[in-house]
Amino acid sequence: MTYVIEGKKDSWQVVLGLEVHAQISSKSKLFSVASTNWGSDPNTQVELVDCGMPGALPVINEYCVDQAVLTGLSLNAEIKKMSIFDRKNYFYPDLPQGYQISQFEHPIVGRGHINIEVEGKVKKIGITRLHLEQDAGKSLHDQDIKNSYIDLNRSGCALMEIVSEPDLSSPIEAAEYVKKLRSILRYIGSCDGNMEKGNLRADVNVSVKREGEKLGTRCEIKNVNSIKFIQQAIEFEAKRQVNIIENGEKIIQETRLFDPNKCETRSMRSKEESHDYRYFPDPDLPPLIISDEKVNSLKEQLPELPDKKKDRFIREFNLSSYDAEVIVNDQGTANFFEKLVKGRDSKVVTNWITGEVFSYLKKINKDIKNSGIAPEKIGSLIDLIVDEKISNRQAKEVFEEYMESSDDASIFIEKKGLVQLSDQSEIYKIIDKVLSDNPKMIDDYKNGKDKLFGFFIGQVMKISKGKANPKLVNELLVKRLKE
Amino acid sequence: MNDFENLSISSAIEGLANKNFTSLELTEFFIKKIEKNKDLNCFITSTFDKAIEMAKISDQKIKENETRPLEGIPIGMKDLFCTNGVRTTAGSKILENFIPFYESTVSNNLWDSGAIMLGKTNMDEFAMGSANTTSFFGNVKNPLGLKVNKELVPGGSSGGSASAVSSGLCLGSTGSDTGGSIRQPASFCGLVGLKPTYGRCSRFGMIAFASSLDQAGPITKTVEDSALMLQAMVSFDKRDSTSSRQSIPDFSDFKKLSIKGKRIGIPKEYMIDGLNSDIKKIWDSGISWFKREGAEILEISLPHTKSALPTYYIIAPAEASANLARYDGIRYGFRHNADDLNDLYQKTRGFGFGKEVKRRLMIGTYVLSAGYYDAYYLKALKVRKLISQDFEDAFQKCDLILTPTTPNVAFAIGEKQTNPIEMYLNDVLTVPASLAGLPAISVPSGFNSEKLPIGLQLIGKPFDEISVLAAGAVIEESRGF
């Protein structure tokens, strides 16, 4: 379904393009050997070049180049044999050199694309380019009434700016695009995708138009740092633009900021106020040359990417497209699934992962990879259910406790006294007790009150303290009532 | 005490080796001489304690026969090279009290070779100037001018370095050359100034003026000294991405190289309007000396020569406008008190930089601005390629190029100050080789009627410093003084 904003007069379409800034997961910075470790004391991870000392010179970190190439390859994009670093000039206290080293005319990666899936439909989103650049430091304005402080730990960290074509046309598509991009970046390990730490953030270009019209004037919303905020910012901004145009006014091209507290965007600077960055090739850095051999050897390093993995999971494990998408989104989950599904029913395994395991991970605030959960831990529990040693419901009830215990599933349920009651004569005993305690209900049931069957089941389960094998209870009760 | 005033580095090395004198004696001689000649204003910062300490270590090494190539040789270090724990100003108020906590590669190489630092030599602010009249620390005087009772400029930007060597305050000094800042002051002060091929010397720790042009080199009394100092200064440095991996020869091999049969190109375009007639004469003499030595002289053409100066004065300021953006009063250096951030930037940079620096920063900012970039900066890059191509073509026909170093001899302090273009014209003959990144040397070749020195320039093929030095030695032997 197309996303449409109903204005007072017309229906409006939204056109979106994203510039995603992804910090490269590297040990050291793009042009210095300073550490990129997050959360260290301010200004403790700063080399000469990161604080713009006189005579300091940048030296490219080859690892970061490799990560950009890997990312380009995974975005199905063209890797440029030669790219050029430029200086982007502007004054700001947290920009120590007085310029940011970036790539302007000749980025390291050219056109590519990724696929996103919205409401079961696959849509191809064009990537315009990917370039490498330095991050700035951080200005802290809230530490002191009179003074601002500067932390240069982030100064010089490597960023990839990934620019999309204006192919996105709804907040949900934008969200799916960022999710997919993040998933890919995490698969190849070029960026940890942590939006809370600011390691992944997006500038969102928004414009609106009536159907069939040419592109409208766009506004750029800077530095949005969560997927939810991206959606909210687009929704607000698109409506704001529709109102302006329908009131007979014009959109002014400008840079805006999203305020998550008020859920609105505010003007930051207009195009007239925008900087003249005076880009020019950085004379401290020769052109970056990437050989075919390098590209080929990096190609070999590429893991199976989410789209391919998804297709394979659908094919091999007969997963639904939706389930496969959920499972492959995170590489750790996909690996976990593959180990767990061996010799087990894929549907059951999927349900357990996307149900109990996910909600448990959310509770302990970890991802599957660093949670330390072994696939066998879940597998042995699933096996007990399949073998009817324990009911699904029982398993779910004790799941958290089981996860926290170090016991094997069979030992755990034994200790808990949870072993399922599957002994026919024992179950008959309970059934008979329930029936003899409720003679009137038997009459009512036999006179057509079918619903009472559920009542009898409930009573049996209650007396057995939930241990009775529900399937068996069902079977035996039917038999008894027919007698 | 010996008089070391006219001592060369090579004879000092010999004297030290023969134990005719000690490094401490040498060093103390120069310390006294520097103190006596403060009016020349050659040094911004002196490091006498350090020098004595270094001299003692050198004497010990000489005693123990662990002599390094420049063991015990007192030199001046241009104040553009960051020296660990020693104030480094680049001749600017904005770095008036800046003390680096790191050492430039070039200075480090020299100390590792046993050289001794007497102090940091005066220079045009951020190496922008051709007369050493833009330094925040005052003008430098040319000692040769004083001999004819004139207050003459030593040239620039390495004016303090040149004046110090010329007046015998040190045995040699470092310079940096962006458009002629080694060769022009060497010429004005009667010295040998060598700008090696771009990339030979690391730029790490050398305060940047125009990164694609800046290159360190020695200022010395003789060609042999030039080779000795150059040897110590050069290295491949992984901290400078433009540093060259080209193998480093033994530069003293220039002595074995005969100039016989070499083809010396004489570019007709260097015969510019306003070329001083005395200089023209010396140029002709130079040609005859090479002929006499069996070199082949041929006229060549470097057709884009006249565009070199305007090209240089677009590219160098453009790069400088970004290179000097870091001097903002935020982290180090001079900071003017201010009401808000913009005020801080404006006052810090407004008061921290001198007039010439501000002029070039404005030119640089202008030529990179939207709407002007293509017409100025981009075009200048294209012309720069053409200039390099000129040299490439010329070097198909010849091995070396012989030209005057400057259109005029040293002029009076205060002269050429009214119109910046007049000052910029000083560089007209040195700038082309800078733009092409080629090695070039200025060698004293004669005098004008007032006994002021005239230098000739030899430009070589990339990384062929040895031929340049060999040809320089021919001039030295032929000139008759």
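In chain A, 39% of the 483 residues come out as buried, a label that needs 20 or more other C-beta atoms within 10 Å of the residue's own, with 12 or fewer counting as exposed, anything in between as partly exposed, and C-beta atoms placed from the backbone. The model is a predicted one, with local features needing pLDDT of at least 70 and side-chain atom pairs counting only at pLDDT 80 or more, while totals for chains, interfaces and linings use all residues. Residues are numbered from 1 along each chain as its sequence is written, and chains are lettered from A and ligands numbered from 1 in the order in which they are written.

Chain A carries 17 helices and 16 strands, taken as DSSP runs numbered from the N terminus (H or I, at least four residues, for helices; E, at least two, for strands). Along the principal axes, the C-alpha atoms of chain A fill a box of roughly 95 × 55 × 55 Å. Of the contacts in chain A with a separation of 6 or more, 68% involve residues 24 or more positions apart, a contact being two C-beta atoms, placed from the backbone, within 7 Å.

Over in chain B, the axes of helix 10 (residues 305-323) and helix 13 (residues 374-397) come within 9 Å and cross at roughly 125 degrees. The two helices of chain B are therefore oblique to each other, since angles under 35 degrees count as roughly parallel, over 145 as roughly antiparallel, 65 to 115 as roughly perpendicular and the rest as oblique. Among the residues of helix 10 that meet helix 13 in chain B are B:Thr311 and B:Ile315, with B:Ala380 and B:Arg384 among those on the helix 13 side.

As for the contact between chains, chain B puts in 32 residues and chain A 24. Helix 10, helix 11 (341-352) and helix 12 (355-368) of chain B each supply at least two residues of the chain B side, and helix 10 gives the most, with 3 residues.

B:Asp278 sits in helix 9 (residues 277-292) of chain B. It counts as partly exposed because it has 17 C-beta neighbours inside 10 Å. Leaving out residues up to four places away in sequence, B:Asp278 touches B:Asn448, B:Ser449 and B:Ile454.

Notes:
Axes are lines fitted to C-alpha atoms, for helices over the stretch in contact, and angles run from 0 to 180 degrees between N-to-C directions.
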